[in-house]
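Subject: Structure for you to look at

Hello,

Here is the structure I said I would pass on. Please have it open while you read the notes below.

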Amino acid sequence: MKIEKLVVRAQKGDRKAFLRLVESEQTKLYKIAFLYTKNKEDALDIVQETIYKAIDSIKSLKKSQYFSTWITKILINTALDFIKKRKNVVLFETENVERVLDKELILDERIDLYRAIDLLNERYKTFIILRYFKDLTISQIAELLEIPEGTVKSSLHRAIQMLRVTIKGECINE
Amino acid sequence: MSNSLRKFHEDVDSIYIPKKELEKVINTAIFHNQKQSSVKKIVYTSIVAVIAFTLILGSGFVSPTMAKMLSSIPYLDSVLQYQDKGLHIVNGKGMVTSIGETAMDKDIPITITDVYFDDARLEIGYSISLENLKVGDLKEIPILGVSTAKISIDGKQLGYSGSSDYRGNYIIGTFTILENILPSSKEAELKIEMMDVLNKRGKWNFQFTIKKVKEANSVAVGKSVWNKKYNLTINEMKFTPSATRVEYEFDIPKGETKFDEHSLRFILTDINGKRFEQIRSGVVHFEQTTERTKLKSVVYFEPIPKSSTNMTIIPVIQEKSGVEDVLDDLGISIILNKK
């Protein structure tokens, strides 16, 4: 059954339809949660909380074909809330938007991204996950996070610079 | 794609997915939300039932008014899909029949939620609403579910196995009848009489027609492999929509009196090494000869895709310590001919 039909049914309260929608996304959702926490139990908690929120707000999904993006956004916000509660940090402070050239967004070949993202804060981790795991474009990331494209570019740029710093062995917290 | 990105994708691909736990949290999230919206309705409905009907109706008799009230008691509409992978698959294909019939006695409403019937098994799902019970009362109850029931098909009483699980405001459970005692007919009359539920004796009766889903395909295997100690023979494989059934014999030396048949399980893989989940085991029959003891039984795995042509089955003995002894040298390869 097409996603659009399942969403319509789920919005009418059909739990089985909702379950089928979630089943098509569950592996991706778990992996994103795991990339944030690198902990199975925490990742499962985040996925569960995401489903609760998604059920409560499914009626607000206006374009049913965007179910995947919509639930990913809920998951990211849930993951960030989860981490915020644990670490008591501010995650999305405003920053000066610098002009970034596309060539500055190229990853260094030497970076072991899977391990290196553990050293990033959650803000930069989010951009790296969305860009390199979900393969979203800059404009798609901007739309999902509801921030300007320029902010996405500069944040990605800063994240990649930090990853380069980790290769050089410097402390990225300075 | 750059090497860095390629490696990242490879690393992400190899993230271990705890499938059972993930499915459980998803199902819990959906159940939890469902029961949250139903709680108030349950409380009011049952109060009306208790006041208006307890003194008037004897157990086993359902007046039209009571029947209408029973039909409005919220219940979990599907239990079987959460029991094992095979049932989950057939539920997704629309092969599990929703029943939704509720019987009430001793303030306990029990609903037969769904039924599945094929050549390998008959599965009956039920849910018990706990709105009339306090959580503290449950601690005193030795079996959270149906303790005693009679299950008859076409008038003949059959043996069954049961399992149940506590899920917040519900207990969900299943009755399983395996194929060696099931009727061969495509349709049958099923009668369920529950007599002992949550430490209360009463009568909760159900009767309805069940229909078998499509017929099974069988493959005669007849292969044996020996090692120094054991022998494994695979006699037959049967494929139903909900399960892959493997009939086996496992020989052990007669001197191994401490061999626990429950410690024996199997791994089923395809040519790519993909494992298929074992979902059930049958009753083990023992045959003694002068030097050997033969264990004869069946084991059920999740359904395998039609594209699978080459399967391998390997026995595993699990010690009490939890250590598993995978008997690779007893692995049997089975070629499945495509029809």
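Predicted model: local features only at pLDDT ≥ 70, side-chain atom pairs only at ≥ 80, totals over all residues.

The interface

Chain B and chain A touch through 33 residues of chain B and 32 residues of chain A. The size of an interface is often given as the accessible area lost when the parts come together. Here chain B and chain A bury about 3000 Å² between them, and 66% of that area is on carbon and sulfur atoms.

Two salt bridges are found across the interface of chain B and chain A. There are also four residue pairs in polar contact between chain B and chain A, counting pairs with both residues at pLDDT 80 or more. On the side of chain B that touches chain A, at least two residues each come from α1 (3–13), α2 (19–53) and α4 (85–92) of chain B. Of these helices, α2(B) gives the largest share, with 13 residues. Sorted by class, that side of chain B has 13 nonpolar, 15 polar and five charged residues.

Salt bridges

Over all chains, the whole structure has 21 salt bridges. One of them joins two chains, because Glu21(B) lies in helix α2 of chain B and Lys40(A) in helix α3 (residues 40–57) of chain A. The side chains of Glu21(B) and Lys40(A) are 3.0 Å apart, N to O. Glu21(B) is partly exposed at 31% relative accessibility, and Lys40(A) is partly exposed at 28%.

Within chain A, a salt bridge of 2.5 Å, N to O, is formed by the side chains of Lys73(A) and Glu146(A). This pair links distant parts of the chain, 73 residues apart: Lys73(A) is in helix α4 (residues 67–87) of chain A, while Glu146(A) is in the loop between α7 (138–145) and α8 (149–168) of chain A. With a relative accessible area of 24%, Lys73(A) is partly exposed, whereas Glu146(A), at 62%, is exposed.

Within chain B, Asp196(B) and Arg201(B) form a salt bridge whose closest N and O atoms are 3.3 Å apart. Asp196(B) counts as buried, because its relative accessibility of 16% is under 20%. Arg201(B) counts as exposed, because its value of 56% is over 50%.

Chain B also has a network of salt bridges that links Asp84(B), Arg121(B), Glu123(B) and Arg280(B).

Glu123(B)

Which strand holds Glu123(B)? Glu123(B) is in strand β3 of chain B. Glu123(B) is buried, at 0% relative accessibility. The side chain of Glu123(B) makes a polar contact of 2.6 Å with the side chain of Thr176(B) and another, of 3.1 Å, with the side chain of Arg280(B). Apart from neighbours within four places in sequence, the residues in contact with Glu123(B) include Leu80(B), Leu87(B), Asp114(B), Val115(B) and Tyr116(B). Thr174(B), Phe175(B) and Thr176(B) are also among the residues in contact with Glu123(B).

Strand β7 of chain B

Thr176(B) belongs to the set of residues that point one way from β7(B), together with Tyr170(B), Ile172(B), Thr174(B) and Leu178(B). Ile171(B), Gly173(B), Phe175(B) and Ile177(B) point the other way, and the residues of both sets are buried. Strand β7 of chain B covers residues 170–178, and nine of its nine residues are buried, so the strand is largely enclosed by the rest of the structure.

Two strands are paired with β7(B) in what I list here. Strand β3 (residues 121–129) of chain B runs antiparallel to β7(B) and is joined to it by nine bridges. In that pairing, Leu122(B) has Ile177(B) as its bridge partner in β7(B). Strand β6 (residues 161–167) of chain B is also antiparallel to β7(B), with seven bridges between them. Here the bridge partner of Ser161(B) in β7(B) is Thr176(B).

Regards

Terms used: Residues numbered from 1 in each chain as written. Chains lettered and ligands numbered in written order. Heavy atoms only, no water. Buried < 20%, exposed > 50% of the residue type's maximum accessible area, 1.4 Å probe, protein only. Helix = DSSP H or I, 4+ residues; strand = E, 2+ residues; numbered from the N terminus. Pairing = 2+ DSSP bridges. Contact = heavy atoms within 4.5 Å. Buried area = accessible area lost by both parts, 1.4 Å probe. Salt bridge = Lys/Arg side-chain N within 4 Å of Asp/Glu carboxyl O. Polar contact = N/O pair within 3.5 Å; in protein donor to acceptor, adjacent residues only side chain to side chain. Nonpolar A, V, L, I, M, F, W, Y, C, P; charged D, E, K, R; others polar.
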